[in-house]
Every structure is written in C-alpha cells, then in structure tokens.
Amino acid sequence: MGEVLPMPTVGDVFQDVRGDDRTMRVSYHQDRGVMVVSLWAGPVCRGSFRLAAEEIGRLAALLSDIVSSTGTPEEATVVAEASTRTAPSPDQTGDVSMSILPIPRVA
C-alpha cells in the first residue's frame, strides 16, 4: 500500500454500515496539502485516495447538498444520528504507527 503515517490531529474514523470491521479514515495532512481517505478492513488498509487541498471545498459542498436534500424529517434524523455516533479510534482499527509497509512485487 505504501507509506502509512500516524493519524494526524485533523481527522476521523467512520464505521461502514455493512459492519465486518470495515472503516473509513479521513485525515488532513497540512504539510502535504492533501486530505487522505483510506478504507480499512480490520487492521488492514485496503485502499486510499489523496485529494488535493484545493478540492476539499468542492467535496464539502457536495456532502452539504446531500445532507440538505434528505427531504423528510425522518431521513434528516437518521443523518443527524449517524453524525453523532462514536467512531472507533485508530487503535481499534489497526496500528498505523509503522512508517513504511513493504511494497508487494508483481511478477
């Protein structure tokens, strides 16, 4: 997967609605000017995406539009409840203290 860094101070961990120890981590790395979204299955990172800092506002606007277009009060309550759930800590979803993971070789 490449370099794995400790969770920065700006970030959060979200649980997948399907369960099975699936989580999504979102973190902002000011020194690199990127927001990283990574998908985890238990302690293993299955994929990541680096979004340039200049694009974060566009993503935030899209998410805001989704929340505001929920329509019914019941749906808005579900969104509000989901946002107040306690997410697992990075410690519960895998050790990210290693600085570099080996890169798999492809034959």
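The side chains of His29 and Ser27 are joined by a polar contact of 3.0 Å. Such a contact is a pair of N or O atoms within 3.5 Å; within protein, one must be able to donate a hydrogen and the other to accept it, and residues adjacent in sequence count only if both atoms are side-chain atoms. The model is predicted, so local features need pLDDT of at least 70 and side-chain atom pairs pLDDT 80 or more, while totals for chains, interfaces and linings use all residues. Residues are numbered from 1 along each chain as its sequence is written, and side-chain values use heavy atoms, with hydrogens and water left out.

His29 lies in strand β2. His29 is buried, at a relative accessible area of 12%. Buried means under 20% relative accessible area, exposed over 50%, and partly exposed in between (1.4 Å probe, protein chains only). Of the 107 residues in the chain, 21% are buried.

**Fold**

The chain has 3 helices and 4 strands. Helices (H or I, at least four residues) and strands (E, at least two) are DSSP runs, numbered from the N terminus. The order from the N terminus is β-β-β-β-α-α-α.

The 4 strands make an open sheet, ordered β1-β2-β3-β4, with antiparallel pairing. Its edge strands, β1 (11-15) and β4 (44-52), each pair on one side only. Neighbouring strands are turned by 15° against each other on average, direction ignored. Axes are lines fitted to C-alpha atoms, for helices over the stretch in contact; angles run from 0 to 180 degrees between N-to-C directions. Two strands pair if DSSP finds at least two bridges between them.

Contact means heavy atoms within 4.5 Å. Among contacts between residues at least 6 apart in sequence, 36% join residues at least 24 apart.

**Local detail**

The hairpin of β1 and β2 has 6 residues between the strands. There, Gly19 takes a positive phi near 75°.

The charged end of Arg25 sits over the ring of Trp40, 3.8 Å from its centre. The criterion is NZ of Lys or CZ of Arg within 6 Å of the ring centre and within 35 degrees of the ring normal.
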